[in-house]
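Welcome! Take a moment to look at the sequence and turn the model around before reading on. We will then walk through it together, one piece at a time.

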Amino acid sequence: MDGVAKVYADDEYTIILKQDGTLWECGRRSYTNTATGGRDVIPEPRQIHSSPAVVDVLVTGSGYLALDTMGCLHSWGLSNSDRLALGAGVSYTLSPYLMLGNGLYPHVVSASLGSAHAMAAMEDGSVYGWGSNSSGQLGDSANAGTGVTFPDAVNISERSPALSQITAV
């Protein structure tokens, strides 16, 4: 395969980001495809996303986020504790799903994916978080111990004015 920019490995699964911003996958997914009843095996690279071009991918424990050139975040894979913001009761998706930056949110400039939650720094300096908040990791002490299904603004500036205008998480 020519034109490879980055390669990401996760257990038996590989994601390839090409220089043209397309995403490719190969290997064995670590979550079960309910349509086939088994774990999909992709023996040769196949394209899973083409437009808009992807600039970065985050990989953690069978969950994946891709940041594109438009400042949007796409998610796919296993959504432990709603960390991929797929919606209540949805445990996984096989292909990238537009979940943040779709006109309802500011553009994403960086993101971070944990085993049970995710965070995103936005172009306007705000921060959004979603997934588990079991230990207050979303920066929301009022809702510690609960989860957030979809991206929610973290009110950092009121708690600590020195943290306003965050550029990366």
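In what order do the four strands of the open sheet stand? The order is β9-β10-β11-β12, and the pairing is antiparallel. Strands here are DSSP runs of E with at least two residues, numbered from the N terminus, and two strands pair if DSSP finds at least two bridges between them.

Before going further, a word on the source: this is a predicted model, in which local features need pLDDT of at least 70, side-chain atom pairs count only at pLDDT 80 or more, and totals for chains, interfaces and linings use all residues. Residues are numbered from 1 along each chain as its sequence is written, and side-chain values use heavy atoms, with hydrogens and water left out.

β10 and β11 are joined by five bridges, and they form a hairpin with four residues between them. In its turn sits G125, with a positive phi of about 90°. On its other pairing, β11 meets β12 in the antiparallel sense, again over five bridges. Here are some bridge partners to find in the model:

| Residue | Bridge partner | Strand of the partner |
|---|---|---|
| A121 | V127 | β11 |
| Y128 | A153 | β12 |
| S132 | G147 | β12 |

**The inside**

How many of the residues of β11 are buried? Six of its six residues are, where buried means under 20% relative accessible area, with exposed over 50% and partly exposed in between (1.4 Å probe, protein chains only).

The largest nonpolar core has 22 residues. Such a core is a set of buried Ala, Val, Leu, Ile, Met, Phe, Trp, Tyr and Cys residues joined through side-chain atoms within 4.5 Å. Strands β6 (63-68), β8 (92-100), β9 (108-113), β10 (117-122), β11 (127-132) and β12 (147-154) each supply at least two of its residues, and β10 gives the most, with four. Among the residues with the most contacts inside this core are L65, L73 and W130. A second, separate core of twelve residues includes I15, L17, I42 and Y64.

**The cysteines**

C26 is buried at 16% relative accessible area, and C72 is buried too, at 10% relative accessibility. The structure holds zero disulfides, a disulfide being a pair of cysteine sulfur atoms within 2.5 Å.
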